[in-house]
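I opened the notebook for a new structure. These entries follow the order in which I looked things up.

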Amino acid sequence: MRPQARSEREEERRPALRNAPAPVRLEIRYADLDPYGHVNNAIYLAFFEQVRFAYWNALADLTGITEREAGDVPGARYVIAETTLRFKAPTFFDHTLYGAATVPWIGNRSYAMDFELRNGESFRGGELACEGFAAHVFFDPEKGEVQPRPDWFLPTVAALEGRLEDDFAPPER
């Protein structure tokens, strides 16, 4: 039996993003285009950042957190340990682009996000343009150390996504 490829494992755990908790409309700028007239591949990571920020704003709003440190929630800062993209359809300047994310798993010191970017008049009804994954590690920039996840994080993500806390168990390695 061959080992399962990473993308196959990701697909097994990827929850449907059709009911994502914080979809956001993304602006396509002329400077985002490549010589062929579609959005340059590197721009998709910047779009993921905007989606991640919208998701974190929804978390902060749900918990009543108003203070931010460089856009992050104090005590919950993170670094990205890994990210992947899979392009599904081109995005052009005249498209309307939406993005959303969901959290498939949460560990003691890390969590993951699945992303989708969709072309269309709404996130829900749009055509999948790009999907991706990112693994995040909670990090204290002042100490330069990995830190445990904040106590409020798991229950707040579960509430935002309308799922049980047990649904966020990390995948077995």
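I took helices (H or I, at least four residues) and strands (E, at least two) as DSSP runs, numbered from the N terminus. With that settled, I checked the residue just after α2: Gly 64 takes a positive phi of about 80°.

**Ground rules.** The model is predicted, so I kept local features to pLDDT of at least 70 and side-chain atom pairs to pLDDT 80 or more, while totals for chains, interfaces and linings use all residues. Residues are numbered from 1 along each chain as its sequence is written, and side-chain values use heavy atoms, with hydrogens and water left out.

**Overall layout.** I counted three helices and six strands. From the N terminus the order reads α-β-α-β-β-β-β-β-α. Next I looked at burial (buried is under 20% relative accessible area, exposed over 50%, partly exposed in between; 1.4 Å probe, protein chains only). Of the 173 residues, 43% count as buried. Then I turned to contacts (heavy atoms within 4.5 Å). Among contacts with a separation of 6 or more, 67% join residues 24 or more positions apart.

**Helix α2.** This helix covers residues 43–63, 21 residues in total. I got 31 Å from first C-alpha to last, close to the 30 Å expected at 1.5 Å a residue. The expected span is 1.5 Å times one less than the number of residues. Its buried residues include Ile 43, Phe 47, Phe 48, Arg 52, Trp 56 and Leu 59. I asked what covers the buried residues of α2. The cover includes β1 (24–26), β2 (78–87), β3 (97–102), β4 (110–119), β5 (127–140) and α3 (153–161).

**α2 against α3.** Two packed helices are described by the angle between their axes and the distance between the axes. I used lines fitted to C-alpha atoms, for helices over the stretch in contact, with angles from 0 to 180 degrees between N-to-C directions. α2 and α3 pack at about 105°, with axes 10 Å apart. That makes α2 roughly perpendicular to α3. The classes I used are under 35 degrees roughly parallel, over 145 roughly antiparallel, 65 to 115 roughly perpendicular, and the rest oblique. On the α2 side the contact includes Tyr 55, Trp 56 and Leu 59; on the α3 side, Phe 153, Val 157 and Leu 160 are among the residues.

**Cores.** I defined a nonpolar core as a set of buried Ala, Val, Leu, Ile, Met, Phe, Trp, Tyr and Cys residues joined through side-chain atoms within 4.5 Å. The largest has 32 residues, and Phe 47, Trp 56, Tyr 111 and Leu 117 touch the most other members. α2, β3, β4, β5 and α3 each supply at least two residues of this core. The largest share, nine residues, comes from α2. A second, separate core of five residues includes Leu 17, Ala 20, Tyr 98 and Phe 123. I also listed partners of Tyr 111 beyond four places in sequence, including Trp 56, Tyr 78, Trp 105, His 136 and Phe 153.

**Two loop residues.** Leu 17 lies in the loop between α1 (6–13) and β1. Is Leu 17 buried or exposed? It is buried, at a relative accessible area of 2%. Beyond four places in sequence, Leu 17 contacts Ala 100, Ala 101, Thr 102, Asp 114, Phe 115, Glu 116 and Phe 123. Thr 96 sits in the loop between β2 and β3. At 14% relative accessibility, Thr 96 counts as buried. Setting aside neighbours within four places, Thr 96 contacts Arg 25, Arg 118, Asn 119, Gly 120 and Glu 121.
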